Amino acid sequence: MSERAYRIDPAQPVPDEVRRVARGRIDHAIDELRGTSDSTPAEAVHEARKDMKKLRALLRLVRDELGEDVYGRENDCFRDTARTLSGLRDAEVMLETLGGLERIYGELPGAGSRLRPGLVANRFRLSGASLQPSSQAAIGTLTAARERIAGWPLQAEGFEAFEGGLRRNYRRGRRRFRAAQELPSAEHMHEWRKRVKDLWYHVTLLQDAWRPVLSALADETHELSERLGDEHDVSVLRDWAHEHASALNGGDPLLRGFDAIVEDRRRELQAEAFAYATRIYADSPSVFADKLDGWWEATRRATIL
């Protein structure tokens, strides 16, 4: 897919660009689910789920333009499509997360060392089930969604199409950041992570407003998102271990050492995430949005002169 597939060009009409980006993500997801790419079935599902996240971030960016009815309908559509494709990828992520812990800490203590066979069996069970029914259902849903894009009520030609969504998400991200600092529970960190991922996608979409600056900001926000994603993954792995403790020859008592390692890794990742966030969320929401507005309009004027 071309480099500009998930970027909005300031020199082009905003409604056309939003529709082009949305159709591009849907087409990419459908190609993956049809098996016409070089991806394995698991990779194809992963790519399609990423496309759903990118589509939902695009919707949030232009939410004020779309209106609540259209936004709600399309957001629900892409969210539900991603959920139908979740199982196999989640199983693979837990195995990758376990491998990461083993590389950092060596052999895991207690029942933690017995997790791998259970996780491999879980992945085998899920991979044995056919992905075709869920993939075919998703293709049908996405084909219908693609046809609706032409009717999206997009009117604004300038940065006003994005300002409300950008400001809203940045504000929510700052609030979630502060809540996570005060109490870094799995729930608070996960809710913050969702807003960070939206911000990363928003900055990526708008980076042509000033490529050197916004590309760097997108990279920093991606790094923050990766730390929060890793923190979430170790929490999910710990929860899975406790849910299946009875099968681990020793169960909960022998998971205490594993729990300690998970908490140590979470604290490491949280510290790194908070350091990134202190810089990324240094502006107020209005100042952040105004900066991008100024850069967008300056680039647009320079391009069309």
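Me: What should I know about the source of the values before we start?

Reply: This is a predicted model, in which local features need pLDDT of at least 70 and side-chain atom pairs count only at pLDDT 80 or more, while totals for chains, interfaces and linings use all residues. Residues are numbered from 1 along each chain as its sequence is written, and side-chain values use heavy atoms, with hydrogens and water left out.

Me: How much space lies in the largest pocket?

Reply: The largest pocket holds about 1400 Å³ of space. A pocket here is an open set of points on a 1 Å grid over the protein atoms alone, where a 1.4 Å probe fits, with protein on both sides within 12 Å along at least five of seven lines. The volume is the space filled by probe spheres set on the points, which are joined across faces, edges and corners.

Me: Which residues are closest to its centre?

Reply: Arg-49, Lys-53, Arg-193, Lys-197 and His-232 are the closest to the centre of the largest pocket, out of 41 residues that line it. A lining residue has an atom within 4 Å of a point.

Me: And which helices supply the lining?

Reply: At least two lining residues come from each of helix H2 (41–61), helix H3 (63–84), helix H4 (87–105), helix H8 (186–206), helix H9 (211–243) and helix H10 (256–280). Helices are DSSP runs of H or I with at least four residues, numbered from the N terminus.

Me: How does the lining divide into nonpolar, polar and charged?

Reply: The lining of the largest pocket has twelve nonpolar, nine polar and 20 charged residues. Asp, Glu, Lys and Arg count as charged; Ala, Val, Leu, Ile, Met, Phe, Trp, Tyr, Cys and Pro as nonpolar; and the others, Gly among them, as polar.

Me: On to charges, then. How many salt bridges does the structure hold?

Reply: There are 28 salt bridges in the structure, each being a side-chain nitrogen of Lys or Arg within 4 Å of a carboxyl oxygen of Asp or Glu. Side chains of opposite charge can pair when their charged atoms come close.

Me: What does Asp-90 form a salt bridge with?

Reply: Asp-90 pairs with Arg-49, and their closest N and O atoms are 3.3 Å apart. Asp-90 belongs to helix H4 and Arg-49 to helix H2, so the pair ties together parts that are 41 residues apart in sequence. Arg-49 is buried at 16% relative accessible area, whereas Asp-90 is partly exposed at 37%. Buried means under 20% relative accessible area, exposed over 50%, and partly exposed in between (1.4 Å probe, protein chains only).

Me: Where are Arg-60 and Asp-198, and are they buried or exposed?

Reply: The side chains of Arg-60 and Asp-198 form a salt bridge of 3.1 Å, N to O. The pair links helix H2, which holds Arg-60, to helix H8, which holds Asp-198, across 138 residues. Arg-60 and Asp-198 are buried.

Me: What about Arg-227 and Glu-223?

Reply: Arg-227 and Glu-223 form a salt bridge, with the closest N and O atoms 2.7 Å apart. They lie four residues apart in helix H9, so about one helical turn separates them. Arg-227 is buried at 18%, and Glu-223 is partly exposed at 30%.

Me: Which residues are linked in a network?

Reply: Salt bridges link Glu-231, Arg-238, Asp-239, Glu-263 and Arg-266 in a network.

Me: Changing topic: how many aromatic pairs are there?

Reply: The structure holds twelve aromatic pairs. Rings of Phe, Tyr and Trp (its six-membered ring) pair if their centres lie within 6.5 Å; planes under 30 degrees apart count as stacked, over 60 as edge-to-face and the rest as tilted. Phe-159 and Trp-296 form a tilted pair, 6.2 Å centre to centre with 55° between the planes. This pair links the loop between H6 and helix H7 (160–182), where Phe-159 lies, to Trp-296 in helix H11 (residues 285–304), 137 residues apart. Both Phe-159 and Trp-296 are buried.

Me: Which aromatic cluster includes Phe-177?

Reply: Tyr-170, Phe-177, Trp-192, Phe-274, Tyr-281 and Phe-288 form one aromatic cluster.
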